[in-house]
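Hello,

Here is the structure I promised you. Please open it first, then read my notes below.

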Amino acid sequence: MPNIYLITNPSIQSDVLIKYIQQETGQPCFVVPSFTSITFDKTKDCKNIILWDCSIFSNEKLWENISSMNGEAKNCYFAMVNVNLEDYVEQEALENGIHGLFYVSDDVSKIVNGIKAILKQELWFPRKILSEFLTATREKLCQCDNKDLLLTNREKEILGMVACGRSNKDIAEKLFISVSTVKSHLYNIYSKINVPNRTKAALWAVTYMHEINDSKDTTQLPG
């Protein structure tokens with residue numbers, strides 16, 4: 001079972017929020033003061049959610065922490081809370097592999113809905129922001145339309161399922177292979193297409209792959 005960590009200064013408000021999130025999601029939730037307070041269990045085939053309080057810590061510090069985590073970052077979903085609309089951080093968040101963000105004006109029910117979506121491997125961004133990001137990515141990389149030729153047929157099949165929101169377990173069951181084999185394929189895919197994480201691999205697939213064979217559309221686009 002994944003854990004949910006809220007990185008912020010401990011307070012009555014943060015305790016109330018994290019207890020509500022635990023009650024509504026059924027996931028173990030903790031308030032911690034920093035990344036170093038989190039112990040990552042690499043043996044678990046599930047991803048923890050890390051909520052970064054932007055009212056306390058800078059965005060740049062978050063990017064630095066994600067970068068310093070190396071392979072451990074692949075075992076986490078990252079989301080930003082208490083984001084100010086006027087900061088216009090959405091594009092940079094997507095570029096740094098953030099899976100969702102919540103604004104200062106969002107109520108706790110919207111935060112819970114977003115966390116539930118992220119637990120299902122969905123992105124939680126305003127629809128307009130995600131659409132603009134995908135359009136910009138396509139324009140930037142349009143000259144590389146044949147990059148998917150670098151991938152084997154099996155890798156394309158797995159990447160297509162990732163883009164459609166399938167978990168490693170779902171992919172393994174559908175293809176009759178082990179979860180460790182799926183992870184090995186994903187490692188090779190990330191290396192071939194030069195992306196650091198699952199989110200960017202999914203965005204790469206939407207941009208480059210001419211055909212994505214999976215009927216399950218799970219991407220949640222609020223707003």
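Start with F30, which counts as partly exposed at 38% relative accessibility. (Buried means under 20% relative accessible area, exposed over 50%, and partly exposed in between, with a 1.4 Å probe and protein chains only.) This is a predicted model: local features need pLDDT of at least 70, side-chain atom pairs count only at pLDDT 80 or more, and totals for chains, interfaces and linings use all residues. Residues are numbered from 1 along each chain as its sequence is written, and side-chain values use heavy atoms, without hydrogens or water.

**Aromatic pairs**

How many aromatic pairs does the structure hold? There are four. (Phe, Tyr and Trp rings, with the six-membered one for Trp, pair if their centres lie within 6.5 Å; under 30 degrees between planes is stacked, over 60 edge-to-face, the rest tilted.) Y5 and F30 make a stacked pair, with 5.5 Å from centre to centre and 25° between the planes. Y5 sits in strand β1 and F30 in strand β2, so that the pair links distant parts of the chain, 25 residues apart. (Helices, H or I of at least four residues, and strands, E of at least two, are DSSP runs numbered from the N terminus.) Y5 counts as buried because its relative accessibility is 8%.

Next comes F35 with W52. This aromatic pair is tilted: 5.6 Å centre to centre and 40° between the planes. F35 lies in the loop between β2 and β3, while W52 is in strand β3, 17 residues apart. Are these two buried or exposed? F35 is buried at 8% relative accessibility. W52 is buried too, with a relative accessible area of 3%. Both belong to one aromatic cluster, which F57 and F78 complete.

**The sheet**

Now look at the strands. Five of them form an open sheet with parallel pairing, in the order β2-β1-β3-β4-β5. β2 and β5 (100-103) stand at the edges. Each has a single partner strand, so one side of each has no neighbour in the sheet. (Strands pair if DSSP finds at least two bridges between them.)

Take strand β1 (residues 4-7). I4 and L6 point one way, and Y5 and I7 point the other way. All of these residues are buried. Four bridges join β1 to β2 (residues 29-32), and the two strands run parallel. Y5 has F30 as its bridge partner in β2. On to β3 (residues 48-53). It pairs with β1 in the parallel sense over four bridges. Here the bridge partner of I7 is W52.

At the other end, strand β4 (residues 76-83) and β5 run parallel, joined by three bridges. A79 stands opposite G100 in β5. Helix α1 packs on the sheet and touches β1, β2 and β3. (Contact means heavy atoms within 4.5 Å.) Helix α4 (residues 108-119) lies across β1, β3, β4 and β5.

**Salt bridges**

A search of the whole structure finds four salt bridges.

- K128 and E132: their closest N and O atoms are 2.5 Å apart. Both residues lie in helix α5 (residues 127-141), four residues apart, about one turn of the helix. K128 is exposed at 58% relative accessibility, whereas E132 is partly exposed at 34%.
- E157 and R154: the side chains meet at 3.1 Å, N to O. They are separated by about one helical turn because they are three residues apart in helix α6. E157 is partly exposed, with a relative accessible area of 34%. R154 is partly exposed as well, at 32%.
- E155 and K192: the closest N and O atoms are 2.9 Å apart. E155 lies in α6 and K192 in helix α8, so this pair ties together parts that are 37 residues apart in sequence. E155 is buried at 5% relative accessibility, while K192 is partly exposed at 36%.

**Helix α6**

Stay with α6 (residues 153-163). Which of its residues are buried? They are E155, I158, L159, G160, M161, V162 and A163. What covers them includes α7 (168-175), α8 (179-193) and α9 (198-208). After α6 comes G165, whose phi is positive, near 95°.

Best wishes

Technical notes
Axes are lines fitted to C-alpha atoms, for helices over the stretch in contact, and angles run from 0 to 180 degrees between N-to-C directions.
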